[in-house]
Each structure stands twice: as structure tokens, then as C-alpha cells.
Amino acid sequence: ARPLLPDGLWAEIAPLLPPERAKPKGGRPRTSDRAALTGILFVLRSGAPWELLPREMGCGSGMTCWRRLRDWQKAGVWDRLQHALLDRLGRQNGIDFSRASLDSASIAAKGGPGDGPEPADRGKPGTKRHILTDAKGIPLALKLTGANVHDSRMLEAVV
């Protein structure tokens, strides 16, 4: 099978990840960042639950991968990664600016910051994703708002 994380892509991603925190008291060896990212990619692409991440992949447990995903989100890794990969595509003329699409989708939320009442679902809390893609469907920008924010109000902010 084709690897989920080829060497060339890993070479671009590795410098964007935060260094491992020192463990003065020792402890178990940490799952490598590459293995954890492979597990994260597998779960996100397959839709499998974290707890069903196959051990045979050598990615550690699903909980380990989930924690790394959470920690990297807090550290801003995903934003840096998106910019680096878009820069890479831009250098290769891989982004098709001949046409773009801006769309949104509402998703249920549990009342976190930025959520708003979902107009179509009896006012339950919800979040809306506003996504801009190029002609090939490559995501270029993303903004999250409350579900009650009209799409037209986000046009300028996303573009």
C-alpha cells in the first residue's frame, strides 16, 4: 500500500512540529511524531474511531494520536502546516486560481466559544465552517463562526 506519509512530505512537516518536552523523571519512550501523524492521518482519512486504530500500523494507541492532535492544535501546528503546504503547491503551480468556491456547512456543537444558535435546528448550539477552495478543491482558507452567522458576512474575511 502507498504510505500515508511519504518521506518528502515528512521532510516538509517535521520542522514545523514542536520539540519533545524533557522528561527529567524518565518514563516510557514517546511515540515518534511521524508515527503519531501517520495514525492521525489514518483516522481522519478512514473515519475509524480512535480506539480502533490498528496496532499493526506502529502508530501507538489511538489515545496517543488523539492527544498529539490536540497538543499540535494548541501549538498552532496545523495553521503552520497549511501555510507550508500551500506554499509548496504554489511553487509547483499546483493551485488553480482560475476559479474558486466559497461554501459553508453547519455542524452541531456542545456550546463552546464562538458557537451560535442553529437557525435550522431549534436554536441548539452550532458552528459553521466557511471554506474557500481552488478549482481543484484544494482548501485555501477556513473560518469558523457561530451557526447563526450568515454566509455573506464571511465572504471578505475568508477571501
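**Exercise 1. At 22% relative accessibility, does Trp78 count as buried, partly exposed or exposed, and what is the class of Trp72 at 2%?**

Step 1. Recall the classes: buried means under 20% relative accessible area, exposed over 50%, and partly exposed in between, with a 1.4 Å probe and protein chains only.

Step 2. Apply them: Trp78, at 22%, counts as partly exposed, whereas Trp72, at 2%, counts as buried.

A word on the model before we go on. It is predicted, so local features need pLDDT of at least 70 and side-chain atom pairs count only at pLDDT 80 or more, while totals for chains, interfaces and linings use all residues. Residues are numbered from 1 along each chain as its sequence is written, and side-chain values use heavy atoms, with hydrogens and water left out.

**Exercise 2. Work out which kind of aromatic pair Trp72 and Trp78 form.**

Step 1. Rings of Phe, Tyr and Trp (its six-membered ring) pair if their centres lie within 6.5 Å; planes under 30 degrees apart are stacked, over 60 edge-to-face, and the rest tilted.

Step 2. The structure holds one aromatic pair. The ring centres of Trp72 and Trp78 are 5.9 Å apart and the planes meet at 65°, so this pair is edge-to-face.

**Exercise 3. Check the length of helix H2 (residues 33-46), then find what its buried residues pack against.**

Step 1. Helices (H or I, at least four residues) and strands (E, at least two) are DSSP runs, numbered from the N terminus.

Step 2. The expected span is 1.5 Å times one less than the number of residues. For the 14 residues of H2 that gives 20 Å, and the end C-alpha atoms are 20 Å apart, which agrees.

Step 3. Among the buried residues of H2 are Leu37, Ile40 and Val43. The buried residues of H2 pack against helices H1 (7-13), H3 (62-74) and H4 (77-91).

Step 4. Just after H2, Gly47 takes a positive phi of about 80°.

Notes: Contact = heavy atoms within 4.5 Å.
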